There are 4 protein chains.
Amino acid sequence: MVIMAASTAAPAFQAVLERIADEIGRTPGRGRPAGYIPALAACDPRSFGMAVAEPDGTVYGVGDWREPFSTQSVTKVFTLALDLAREGDALWEHVGREPSGNPFNSLVQLEYENGIPRNPFINAGALVVTDRLQTRTGDAAGELLAFLRAESGNPSLDFDLDVAASETAHGDRNAALAHFMAAYGNIDNPVPALLDQYFRQCSVRASCADLALATGFLARHGLRADGTRLLTRSQAKQVNAVMLTCGTYDAAGEFAHRVGLPGKSGVGGGIIAVVPGRCTLCVWSPGLDERGNSVAGVAALDLFTTMTGLSVF
Amino acid sequence: MVIMAASTAAPAFQAVLERIADEIGRTPGRGRPAGYIPALAACDPRSFGMAVAEPDGTVYGVGDWREPFSTQSVTKVFTLALDLAREGDALWEHVGREPSGNPFNSLVQLEYENGIPRNPFINAGALVVTDRLQTRTGDAAGELLAFLRAESGNPSLDFDLDVAASETAHGDRNAALAHFMAAYGNIDNPVPALLDQYFRQCSVRASCADLALATGFLARHGLRADGTRLLTRSQAKQVNAVMLTCGTYDAAGEFAHRVGLPGKSGVGGGIIAVVPGRCTLCVWSPGLDERGNSVAGVAALDLFTTMTGLSVF
Amino acid sequence: MVIMAASTAAPAFQAVLERIADEIGRTPGRGRPAGYIPALAACDPRSFGMAVAEPDGTVYGVGDWREPFSTQSVTKVFTLALDLAREGDALWEHVGREPSGNPFNSLVQLEYENGIPRNPFINAGALVVTDRLQTRTGDAAGELLAFLRAESGNPSLDFDLDVAASETAHGDRNAALAHFMAAYGNIDNPVPALLDQYFRQCSVRASCADLALATGFLARHGLRADGTRLLTRSQAKQVNAVMLTCGTYDAAGEFAHRVGLPGKSGVGGGIIAVVPGRCTLCVWSPGLDERGNSVAGVAALDLFTTMTGLSVF
Amino acid sequence: MVIMAASTAAPAFQAVLERIADEIGRTPGRGRPAGYIPALAACDPRSFGMAVAEPDGTVYGVGDWREPFSTQSVTKVFTLALDLAREGDALWEHVGREPSGNPFNSLVQLEYENGIPRNPFINAGALVVTDRLQTRTGDAAGELLAFLRAESGNPSLDFDLDVAASETAHGDRNAALAHFMAAYGNIDNPVPALLDQYFRQCSVRASCADLALATGFLARHGLRADGTRLLTRSQAKQVNAVMLTCGTYDAAGEFAHRVGLPGKSGVGGGIIAVVPGRCTLCVWSPGLDERGNSVAGVAALDLFTTMTGLSVF
């Protein structure tokens with residue numbers, strides 16, 4: 001892995017990032033940080049960082065690209081990959097791969113479909129994936145953290161236990177989802193233990209640089225940073241497809257439309273994205289739109305694909 | 001435009017098509033033709049054709065690739081493009097761009113969202129697009145037919161008025177959708193006139209060769225066969241994005257997963273697909289799966305992307 | 001039938017009615033007339049009339065009790081009785097008897113339940129009843145009018161064809177319901193012909209005196225004014241039960257709570273109610289609450305049961 | 001209170017009960033006991049008992065009328081009355097009074113209506129009532145037990161802690177409901193503590209004689225057996241109205257239709273019913289129909305109202 005300082009980066013990506021940051025910096029109105037957890041609400045909405053990682057580990061960045069932030073739902077991509085690597089297609093009997101067509105924590109569709117969540121990125125689906133990874137490893141959150149540390153090359157990555165505790169205290173809706181699926185036999189672990197794993201996993205703090213690097217296996221068709229295989233080529237394609245169709249809550253269609261890349265957002269304001277075979281990206285800015293996606297983050301990715309022509313379409 | 005006979009085609013695509021046809025030919029179990037219209041139910045489920053068109057108009061084909069079939073919902077892509085070319089982004093105030101998360105003619109979501117359909121490929125959304133094109137042209141179905149004839153270079157393409165009459169006789173569900181949206185002010189034309197346009201448009205008969213060529217503007221980033229511009233580059237990307245996220249009814253996620261290309265299916269058994277910048281495809285086989293997509297068609301596209309590596313992911 | 005002038009009525013009911021009118025007259029804030037039809041919107045919200053009919057045809061009244069108004073959904077009770085008298089329990093295979101738990105013209109529940117409406121008083125259910133009566137009589141609206149004239153002893157009762165035409169012009173939602181049920185095979189007649197019957201039936205103008213008398217068969221356990229039997233005792237009980245559980249749109253529970261009588265309201269501001277074995281009532285005041293029930297009408301019935309103790313509970 | 005042996009009872013009610021038992025005894029096909037709890041599944045489906053209590057405490061009975069059974073949801077009536085007696089109309093801001101129009105533990109409607117259950121007899125609504133009674137008394141289940149013992153004159157009534165433990169072990173769906181409403185701020189107590197109260201309350205074992213007597217306050221317009229007032233006359237009417245419109249899960253309309261009395265059923269096979277001012281009833285037979293109501297119980301109540309003419313309609 002070669003991390004390059006922003007000032008000495010190769011012209012192409014670095015120049016693009018600087019133009020994006022410049023453009024974003026001149027745009028007012030960036031939405032509002034998530035308000036339901038004090039640690040998120042306290043973020044400065046003017047923060048903005050963006051990083052691009054090439055498959056060989058070269059990283060380019062701009063703005064607050066080395067500042068750790070709360071990854072939240074961005075981690076759902078990694079947990080999905082870690083479980084898929086272990087159990088393969090059997091996972092898809094417990095969680096679907098279709099867009100939900102509903103706000104991200106709706107119970108309605110779950111009831112229609114007998115406790116099988118539509119996809120692994122709505123909260124219900126992510127709970128199922130964590131539950132299964134927990135059953136297979138005994139420590140889902142620990143597996144995730146070890147993976148992120150290894151892929152980013154940053155051993156200081158860690159949980160934010162204050163955030164996890166805060167989420168637990170406001171966790172009634174996720175508890176309802178988990179108990180509801182348990183009633184259908186689609187959750188194996190005791191609900192309180194599952195929620196503990198789930199909220200710790202969401203609490204990981206990492207920077208744009210860390211996450212762009214950790215996402216690299218999706219640009220490398222399944223290979224980890226050290227060249228070993230995490231996912232088959234087909235599985236890597238599956239994860240990219242789910243990100244494109246389901247990665248940004250109820251705005252996946254608009255995201256595909258504007259950005260045209262597989263992506264996954266979190267309420268901490270981070271978004272990761274993949275240009276298969278070419279590079280991975282992470283952008284962060286805490287102000288969210290009404291559907292829970294970073295306003296400046298989506299705008300920055302839109303600019304990136306417009307400037308580089310690197311959309312999948 | 002250069003149409004090449006199957007036997008003299010350039011090796012790459014032609015060889016791939018022949019291997020696919022061979023593989024499909026050895027696979028039993030191809031689903032059942034749509035049963036609600038006699039003309040569709042009478043199709044031979046063993047029919048199979050596939051064509052690939054390059055941006056310059058070169059076409060490769062295999063099997064029943066020159067046999068006309070009932071295009072049905074495949075035409076929704078062209079109607080969308082024709083209206084988008086005329087009214088631009090204003091269209092998106094009347095129809096969304098998000099996957100529906102529900103079977104293709106559900107009324108539930110339409111009611112939640114005040115008569116604005118989720119996307120232009122569910123029936124409700126296609127009715128809105130046809131209604132708007134009708135208002136702008138006075139003959140939506142005629143515009144579509146003229147476009148398909150010009151792009152395919154086949155002046156014999158035509159409506160199948162028996163099929164259109166048969167659909168009208170079973171049209172209560174679409175009539176319900178249209179009246180329902182009219183109650184919300186989202187339909188301009190009288191419902192019977194709109195349904196007449198809509199069912200005629202769905203009744204067009206065309207072959208795999210015709211449709212692969214007619215879809216070419218999406219591989220050419222918006223340019224028609226004669227080099228004039230139909231859509232802006234950004235609009236062409238929009239159409240591709242909607243096809244990827246919403247083009248195959250309630251199986252868009254699985255299609256993205258297996259095939260990984262923008263595509264649009266119809267209950268006549270046809271599917272069109274796009275490799276942006278590289279080629280367009282059309283496959284046809286009348287046997288459908290339970291979600292209304294051609295069983296052999298999806299399998300053939302899956303083989304195509306596996307053999308060529310041409311997925312967008 | 002003995003119609004008594006208000007001034008010479010027997011003391012009990014007459015005195016109660018006068019106290020009620022006095023109380024209502026001193027209450028400000030009576031809601032707003034239905035706005036979607038000009039003829040309804042033009043009503044004076046201060047209008048108020050109330051009538052009580054004894055099983056022998058004696059009528060007491062107060063205020064605008066002899067003023068004709070637009071009966072609207074109040075007529076659904078009579079159409080139900082006329083069809084039930086003809087086909088008996090077979091009707092209940094085409095329409096349910098359960099409260100809808102949703103606003104009165106929702107499509108959602110209809111879709112869940114395969115085109116069988118929850119009860120005969122939501123619009124979908126009333127369309128089914130009218131459709132069936134039309135099939136059996138060839139003139140559903142004419143049958144209704146003849147019945148109302150005979151039971152009220154008022155041969156001048158008639159349709160208001162301006163109101164019917166106005167409803168037809170705004171009839172997209174009912175057209176959607178009818179086509180939707182036709183798609184499930186639960187409508188026999190052509191939709192435009194059915195809607196014509198339906199809207200004419202809703203357009204009948206009648207007074208509180210007329211309707212209190214016409215409802216008499218429900219207090220007489222199924223006997224018409226002339227002593228002939230319309231419904232069996234059990235069927236009369238069925239109609240009363242449906243009125244109590246489903247007669248006031250999404251407020252049936254609250255109506256049972258406050259009033260405690262079988263009742264049926266209409267957006268013209270009328271409400272009919274039954275004290276089985278004792279009397280029938282009709283109250284009219286055009287101002288509606290947000291759920292479509294007459295504000296002063298519900299208040300007057302509440303006062304009536306409180307003053308007389310005549311609730312069924 | 002005067003409990004009369006079956007053999008010496010006054011002729012009217014006693015004779016009716018004996019004719020009903022005779023009729024029921026000759027009817028095959030009585031449904032199946034609830035299967036989700038071993039203690040319920042083990043019941044003999046041929047068990048049948050029925051009791052009628054007059055307002056003065058005279059009780060008539062037939063069959064297994066003195067056999068204790070698992071009261072389950074029948075207790076929701078008493079918990080509602082106990083809380084309504086304490087907080088009055090303020091309760092109705094936290095739970096509605098409208099039929100649910102959905103199976104008894106659906107989450108869909110709860111989500112539409114922001115965590116306010118439709119009525120106090122669906123599980124969500126009963127959880128809210130228990131939560132509020134718990135807040136006011138510190139021991140909701142204990143209050144209920146004391147009330148039932150006092151009104152029935154049977155100090156041996158008690159919880160069945162095995163049944164309560166069994167329900168807790170299968171309590172994921174109720175846990176989901178409680179957490180879901182807690183997320184909307186409509187639950188005050190910790191969910192595990194609330195569920196403990198709720199399941200103990202449902203586990204009370206009582207006989208037809210006990211429950212017919214304990215329901216007496218609803219026939220006495222709010223007065224307890226000792227003549228003290230539990231509910232105002234208006235509140236007693238409210239409880240009867242909610243029983244009639246919402247007391248038998250998704251079959252309230254059909255129950256009103258066939259029986260025509262305020263009633264409340266439980267999955268233990270018991271049903272209580274009220275003839276305001278005249279008597280209260282309890283019938284028990286463990287075989288249930290598909291909607292969770294006792295097959296023989298509903299049939300027996302239907303016979304009762306047919307034989308006595310005591311329907312409210």
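Begin by selecting A:Asp250 together with B:Arg118, which form a salt bridge whose closest N and O atoms lie 3.0 Å apart. Please keep in mind throughout the tour that this is a predicted model.

**First stop: where chain B meets chain A**

With that pair still on the screen, widen the view to the whole interface of chain B and chain A, across which the rule finds 2 salt bridges, as well as 14 residue pairs in polar contact, with both residues at pLDDT 80 or more. To see which elements are involved, colour helix 4 (108-112), helix 12 (233-246) and helix 13 (252-258) of chain B, the elements that each give two or more residues to the side of chain B that touches chain A. Helix 12 of chain B contributes the largest share of that side, namely 7 residues. If you then colour this side of chain B by class, you will find 14 nonpolar, 11 polar and 8 charged residues.

Now select everything that takes part in the contact, which is 33 residues from chain B and 33 residues from chain A. The area buried between chain B and chain A comes to about 2,600 Å², and carbon and sulfur atoms give 59% of this area.

**Second stop: where chain A meets chain D**

Next, show chain A with chain D, where the contact takes 16 residues from chain A and 15 residues from chain D. The area buried between these two chains is about 1,300 Å², with 59% of it given by carbon and sulfur atoms. On the chain A side, select A:Asp172, A:Arg173 and A:His179, the residues that lose the most area to chain D and that together make up 37% of what that side buries.

How many salt bridges are there between chain A and chain D? The count is 0, although the rule does find 4 residue pairs in polar contact across this interface, both residues being at pLDDT 80 or more. Helix 4 and helix 8 of chain A are the elements that give two or more residues to the side of chain A that touches chain D, and helix 8 of chain A gives the most, with 8 residues. By class, the residues of this side divide into 10 nonpolar, 3 polar and 3 charged.

**Last stop: C:Ser70**

Finally, turn to chain C and select C:Ser70, which is placed in strand 3 (residues 69-70) of that chain. Why does C:Ser70 count as buried? C:Ser70 counts as buried because its relative accessibility is 5%, and the cut-off for buried is under 20%. Leaving aside neighbours within four places in sequence, C:Ser70 is in contact with several residues, among them C:Leu40, C:Val163 and C:Gly268. Its side chain also makes a polar contact with the side chain of C:Gln72, at 3.0 Å.

How values were computed:
Residues numbered from 1 in each chain as written. Chains lettered and ligands numbered in written order. Predicted model: local features only at pLDDT ≥ 70, side-chain atom pairs only at ≥ 80, totals over all residues. Heavy atoms only, no water. Contact = heavy atoms within 4.5 Å. Buried area = accessible area lost by both parts, 1.4 Å probe. Salt bridge = Lys/Arg side-chain N within 4 Å of Asp/Glu carboxyl O. Polar contact = N/O pair within 3.5 Å; in protein donor to acceptor, adjacent residues only side chain to side chain. Helix = DSSP H or I, 4+ residues; strand = E, 2+ residues; numbered from the N terminus. Nonpolar A, V, L, I, M, F, W, Y, C, P; charged D, E, K, R; others polar. Buried < 20%, exposed > 50% of the residue type's maximum accessible area, 1.4 Å probe, protein only.
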